[in-house]
Amino acid sequence: MKRIAVIEDDEQVREELISLLNKNGYEGLGIAQFDGVPQEIAQAQADLVLLDISLPGADGVNLLREIRRDSDVPVIMVTSKDTEMDELMCMSFGADDFIAKPYHPSILLLHIEAVFKRMCKGQEMLEYGDIRIDIARGKLMLGEEAVELSKNELGILTYLLKNRGRIVSRDELISYLWDSEEFVDDNTLTVNVNRVRRKLEDHGAGNVIKTKRGQGYLLG
Amino acid sequence: MRGIDYIKEHMFDIVIFIFIMLFFWMFGIAFRVQMDFLVAMSGMFAVCAGVAMVRAYIRRRGFYADFLGKLGQLEKKYYIAEMVEPPDFQEGKILYEALYEIDKSMIEHINEIDALSIEFKEYLEMWVHELKVPLSGLTLMNYNESVDYKAQRRLLQKLSHYVEQVLFYARAGAPQKDYLMKRCVLEHVVNKVLIANKDLLIEAGMGIEKRGLEHMVITDMKWLEFILGQIVNNSVKYRKKDKGKLSVTAEEEEQRILLHIEDNGIGIPAHDIERVFDKTFTGENGRKGAASTGMGLYICKKLCDKLGHQIWLDSEEGVYTRLTIAFGKNSYYEVC
């Protein structure tokens with residue numbers, strides 16, 4: 001499980017962020033003291049750092065430079081100012097990504113996912129039975145066969161896999177697809193889910209996605 | 001105005017006068033004029049010159065004393081031209097007229113700023129009023145320990161929406177150049193806006209259609225995001241019961257690129273169309289649907305004006321509403 005360090009002075013926000021990360025398959029780690037941050041990160045073996053740019057008594061950008069001196073750990077800067085200047089400053093000092101408050105939590109998760117994808121190509125795999133999805137390359141393997149999926153179909157299957165064992169509402173799926181810039185509507189979703197089912201069936205992995213009337217879909 | 005300084009300044013004239021008197025005496029003596037005559041005439045000339053100088057001095061001193069005195073007493077010093085009488089000597093007149101013009105331009109400027117300040121205060125009052133609606137909704141839901149997360153999310157989005165709006169209201173009215181013109185692909189901006197408003201759009205079941213957005217325009221991305229966000233919010237707010245559709249398309253003209261945002265909502269009555277960009281415009285729709293400050297489009301127009309983009313609205317009541325933004329392809333705007 002990936003460990004994510006949260007450097008944020010507001011206790012409330014920090015706790016909520018950690019909670020959000022924990023709920024989404026990561027291990028959240030809070031850092032409230034801003035001296036010796038690089039050492040703490042190294043000690044905790046964090047895989048990613050969420051760094052608030054506006055910390056009292058400690059310049060977020062300076063902290064970033066301190067971290068960057070000894071480590072290549074991916075850093076996402078969080079800021080309340082979203083002008084071009086701030087973005088430029090952060091990126092030029094070595095941040096991997098940049099997000100402005102207030103952000104939609106699902107968008108933050110998407111950014112984190114994207115940073116991880118860039119960092120470790122070819123290592124992330126989602127599996128269920130014979131179904132294997134190489135997230136970084138966006139490829140589906142059914143047993144030994146590679147199966148072609150459209151962007152939407154892949155997105156649906158990925159989301160269902162990530163949330164296996166839990167009923168996923170249609171709105172959730174639509175929202176997830178929208179985050180990937182596919183602005184589908186209700187009908188399109190139904191069509192795509194059925195396409196995925198058919199493809200799975202064609203390759204011997206039928207009846208994996210169950211419909212729960214009035215609630216959504218379930219994989220597993 | 002001190003007498004000594006006055007005399008020092010006119011020292012040259014006084015010296016000239018003394019030389020003239022000397023020549024007068026020299027000629028007088030050469031022409032064997034009577035001493036008494038010479039003395040009497042010199043005395044008379046001296047008195048005349050003296051009187052002339054003193055008169056000039058007194059006129060000026062009177063005016064300047066009054067002028068400086070009133071200036072010292074005035075709190076709003078730029079009203080000085082109204083407080084003194086125009087003088088009757090030329091330099092005084094020049095000074096007075098110049099001051100009058102200077103003060104007039106200053107007062108006009110101050111009035112403009114005052115008006116902006118009052119306008120902002122009015123907006124702020126209205127804004128606080130609007131903000132209280134979702135706030136009280138959330139307070140109630142929280143008190144009831146409601147688990148209707150969807151409803152809460154909706155109210156929170158409204159809050160975010162207003163918070164963003166006031167920031168851009170300030171930016172639109174500020175005289176400074178707060179924006180950064182850069183090339184950007186329309187699709188990129190539109191996607192961001194759609195995703196930012198996805199909860200609203202998905203819940204409303206709006207179908208999205210995009211076309212021709214590969215065009216690049218020169219604009220401030222964050223400002224454009226805000227403008228499009230306002231338009232999208234309006235489309236959702238004023239949609240018909242179901243099968244709502246939002247279509248975002250772009251087309252290229254010779255001198256400009258047009259971005260259309262069209263919905264199939266309740267539309268705007270013909271007689272209201274020309275007023276949609278007015279301040280606090282509510283019109284008929286405001287009464288039909290949700291209460292609105294009506295400031296959204298007003299701010300959008302101001303922002304577009306600042307960026308040098310044109311924005312206009314076409315609509316047919318009960319059928320559609322379409323907002324168009326025109327981006328100039330003029331290389332004057334190119335920055336890098």
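1. Ground rules. This is a predicted model, in which local features need pLDDT of at least 70 and side-chain atom pairs count only at pLDDT 80 or more, while totals for chains, interfaces and linings use all residues. Residues are numbered from 1 along each chain as its sequence is written, chains are lettered from A and ligands numbered from 1 in the order in which they are written, and side-chain values use heavy atoms, with hydrogens and water left out.

2. Salt bridges overall. The whole structure holds 27 salt bridges over all chains, each being a side-chain nitrogen of Lys or Arg within 4 Å of a carboxyl oxygen of Asp or Glu.

3. The interface. In chain B, 15 residues are in contact with 13 residues of chain A (contact means heavy atoms within 4.5 Å). The two chains bury about 1,500 Å² between them, 60% of it on carbon and sulfur atoms; buried area is the accessible area (1.4 Å probe) that two parts lose on being put together, summed over both. On the chain B side, Ile195(B), Lys198(B) and Ile202(B) lose the most area to chain A, together 39% of what that side buries.

4. Bridges between the chains. Two salt bridges are found across the interface of chain B and chain A. Asp179(A) pairs with Lys198(B), with the closest N and O atoms 2.9 Å apart. Asp179(A) belongs to helix 7 of chain A and Lys198(B) to helix 8 of chain B, so this pair joins two chains. Helices here are DSSP runs (H or I, at least four residues), numbered from the N terminus. Both Asp179(A) and Lys198(B) are buried (buried means under 20% relative accessible area, exposed over 50%, partly exposed in between, with a 1.4 Å probe and protein chains only). Asp171(A) also forms a salt bridge with Lys150(B), at 3.0 Å between the closest N and O atoms.

5. Bridges within a chain. Glu182(A) and Lys151(A) form a salt bridge, their closest N and O atoms being 3.6 Å apart. This pair links distant parts of the chain, 31 residues apart: Glu182(A) sits in the loop between helix 7 and helix 8 of chain A, and Lys151(A) in helix 6. Glu182(A) is partly exposed at 24% relative accessible area, and Lys151(A) is partly exposed at 49%. In chain B, Lys192(B) and Glu225(B) meet in a salt bridge at 3.4 Å, N to O. Lys192(B) is in helix 7 and Glu225(B) in helix 9 of chain B, 33 residues apart.

6. The second largest pocket. This pocket holds about 290 Å³ of space. It is lined by 16 residues, and those closest to its centre are Asp185(A), Asp186(A), Gly205(B), Met206(B) and Gly207(B). Helix 7 of chain A gives the most to the lining, with three residues. On a 1 Å grid over the protein atoms alone, a pocket is an open set of points with protein on both sides within 12 Å along at least five of seven lines, a cavity is a set where a 1.4 Å probe fits but cannot get out, and lining residues have an atom within 4 Å of a point. A volume is the space filled by probe spheres set on the points, which are joined across faces, edges and corners.

7. The cavity. One cavity of 30 Å³ or more is found, and the largest cavity has a volume of about 50 Å³. Helix 7 of chain B gives the most to its lining, with three residues.
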